[in-house]
Amino acid sequence: MDLNHIKAFIVLAKTENYSEAAEQTFISQSSLSKHIQSLERELGVLLFDRTRRSVRLSEAGKIFLNYASQMIELQHQCNTELINFQDAKERNLTIGSIPLMAPYGITDILLEFKKGMLRLI
């Protein structure tokens, strides 16, 4: 299941308008329509009740909307956590010191910094 198709589905479900949804997702109406049809084929259900003038979520679409929203939220959480992991990995600070620095309190300052109690600007 393509997450971009799921995002397009969510936008269409909220706007109930192909033109508006296509504009918000920065794709053409025909591409949006193909994304929705692809999802419907994959899921084996119609997600929208369509008429010439309107589009509304079907009962199956209402069920899927809840799960689609959770999938997008999980993707966001995963991406955020991976970015934070990478940032933490890249934020290593290596300090070299000579024994003479201990009387000046450098070890206490470093310990407080590591605990997050001290912020250096």
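Rings of Phe, Tyr and Trp (its six-membered ring) pair if their centres lie within 6.5 Å; planes under 30 degrees apart count as stacked, over 60 as edge-to-face and the rest as tilted. I noted first that this is a predicted model, where local features need pLDDT of at least 70, side-chain atom pairs count only at pLDDT 80 or more, and totals for chains, interfaces and linings use all residues. Residues are numbered from 1 along each chain as its sequence is written, and side-chain values use heavy atoms, with hydrogens and water left out.

**Rings.** I searched the whole structure and got 2 aromatic pairs. Ring pairs join Phe9, Phe48 and Phe64 in a cluster.

**Core.** Buried means under 20% relative accessible area, exposed over 50%, partly exposed in between (1.4 Å probe, protein chains only). This core has 20 residues. Ile6, Phe9, Leu12, Leu32, Ile36, Phe48 and Phe64 have the most contacts inside it. At least two residues each come from α1 (3-15), α2 (18-25), α3 (29-43), β2 (55-57) and α4 (59-90). I take helices (H or I, at least four residues) and strands (E, at least two) as DSSP runs, numbered from the N terminus. The biggest share is from α1, with 7 residues.

**Leu12.** Which residues does Leu12 contact, leaving aside neighbours within four places in sequence? I count heavy atoms within 4.5 Å as contact. I found Asn17, Tyr18, Ala21, Ile36, Phe48 and Val55.

**Thr15.** I found Thr15 in helix α1. Thr15 counts as buried, because its relative accessibility is 18%. Not counting residues up to four places away in sequence, Thr15 touches Glu20, Ala21 and Gln24.

**α2 against α3.** The axes (lines fitted to C-alpha atoms, for helices over the stretch in contact, with angles from 0 to 180 degrees between N-to-C directions) come within 9 Å for α2 and α3 and cross at roughly 95°. So I logged α2 as roughly perpendicular to α3. Angles of 65 to 115 degrees get that label; under 35 is roughly parallel, over 145 roughly antiparallel and the rest oblique. From α2, Tyr18, Ser19, Ala21 and Ala22 make the contact; from α3, Gln29, Leu32, Ser33 and Ile36.

**Tyr67.** Tyr67 is in helix α4. Tyr67 and Leu57 sit 10 residues apart in sequence and 14 Å apart in space, C-alpha to C-alpha.

Key. Core = buried A, V, L, I, M, F, W, Y, C linked by side-chain atoms within 4.5 Å.
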